[in-house]
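Please open the model in your viewer and keep the sequence panel beside it.

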Amino acid sequence: MSHGRKVYSRLNEIPTGHAKGQLTNGCLVVEGGAFRGLYNQGVMDFFMENNLNFECVIGVSAGAMAALNYASGQIGRSARCNLTYRHDSEYIGAQAIIQAHSPLNIDFALRPDEKLGLGTLDENTFYDPQRRFIAVATDCDTGKPVYFEKGKCKDILKAIKASASMPYVSPMVEVDEKRCLDGGCSCHIPYRWALEQGYENIVVIKTRERGFRKKESSKSYAERFYKDFPEFAGKLMSMNADYNKECDEIDRLEEEGRIFVIAPSEHVTVKRVESNMNKLGNLYWLGYNDAKNNLFSLNKYLK
């Protein structure tokens, strides 16, 4: 226990510090998955400790939130927020509903103030024009993904909030005059964006193990819930099928050596809104150690 809250028992083992070294050529692609994002936080902390600071990072949903701290070079900041405050009702729970009109208060994680002990965002590093940062959200009017880029959209932190705002339970977030929700509704893993941008080195962090596929089912209630947004409702209904197609293509691209994938080496049992702190902590270390075990082959891929 700490601060009167249930926290991860090995919190003091989570690394801290600031990333150093030159920028790494290529694009890092980060999948979401709510609290399964502890996996990619472990991977990115290991990367930062080992001078793998990609010049471009693109994230979806929880992946965009964690990528924010990667792009700011702040080791352990994302993990410490989740492993300390998962059971704080201002973050998730009654107070979050009052403050954010959603059971998950994304602003709590995006703008943690000094009293939380996480430090403010390193804006000098994050806003360095040499570092590209993109958050993917879904335009609720068109059902299509929107790629909000730091320096090009009006408010990148608001774009990250939009990217991570869950359908059904979160209000839409307006960014650049677009009404948006979770980027994972239209684009689960934005590797295609990286390919289209011409990046030679593309590293994808997945939050589900290789071979995992979702059960394809038509969520007909989406049509009723979002009756005024038929394109978005259609995307929700095809989400699982679209995800499976993305995974098939990622497998093919990995086999061809076009992209490099880091995915959980064990079956992931962590739920989207997991409450078991040891399971969350274990998932973080799984990501950290999977990155460590892939370091040699990753460096070979990066040449």
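How many helices and strands are there in the chain? There are 12 helices and 8 strands, where helices (H or I, at least four residues) and strands (E, at least two) are DSSP runs numbered from the N terminus.

This is a predicted model, in which local features need pLDDT of at least 70 and side-chain atom pairs count only at pLDDT 80 or more, while totals for chains, interfaces and linings use all residues. Residues are numbered from 1 along each chain as its sequence is written, and side-chain values use heavy atoms, with hydrogens and water left out.

**Whole chain**

Buried residues make up 58% of the chain (buried means under 20% relative accessible area, exposed over 50%, partly exposed in between, with a 1.4 Å probe and protein chains only). Of the contacts with a separation of 6 or more, 76% are between residues 24 or more positions apart (contact means heavy atoms within 4.5 Å).

**Largest cavity**

Next, select Ala62, Met65, Asn82, Tyr91 and Ala109, which lie nearest the centre of the largest cavity among its 23 lining residues. A cavity is a set of points on a 1 Å grid over the protein atoms alone where a 1.4 Å probe fits but cannot get out; a pocket is an open set with protein on both sides within 12 Å along at least five of seven lines; lining residues have an atom within 4 Å of a point. The volume of this cavity is about 290 Å³, a volume being the space filled by probe spheres set on the points, which are joined across faces, edges and corners. Helix 2 (62-71) is among the helices supplying at least two lining residues, and gives the most, with 5.

**Helix 3**

Which residues of helix 3 are buried? They are Arg77, Ser78, Ala79, Arg80, Cys81, Asn82, Leu83, Thr84 and Tyr85. Because 9 of the 9 residues are buried, helix 3 is largely enclosed by the rest of the structure. Show helix 1, helix 2, helix 5 and helix 11 (277-293) to see part of what covers them.

Move to the largest pocket, with a volume of about 450 Å³. It has 24 lining residues, and Asp182, His188, Lys214, Met239 and Arg272 are the closest to its centre. Colour helix 10 (residues 230-255), which gives the largest share of the lining, 4 residues.

The second largest pocket has a volume of about 210 Å³. Select Pro145, Ser186, Cys187, Arg192 and Glu246, the closest to its centre of 14 lining residues. Strand 4 (145-149), helix 8 (191-196) and helix 10 each supply at least two residues here.

**Two backbone angles**

Zoom to Ala34, in the loop between strand 1 (23-30) and helix 1. Its phi is near 55 degrees, a positive value in a residue other than glycine. Is Ala34 buried or exposed? At 19% relative accessibility, Ala34 counts as buried.

Finish at Lys303, in the segment after helix 12 (295-302). Lys303 has a positive phi of about 60 degrees although it is not a glycine, and is exposed, with a relative accessible area of 86%.
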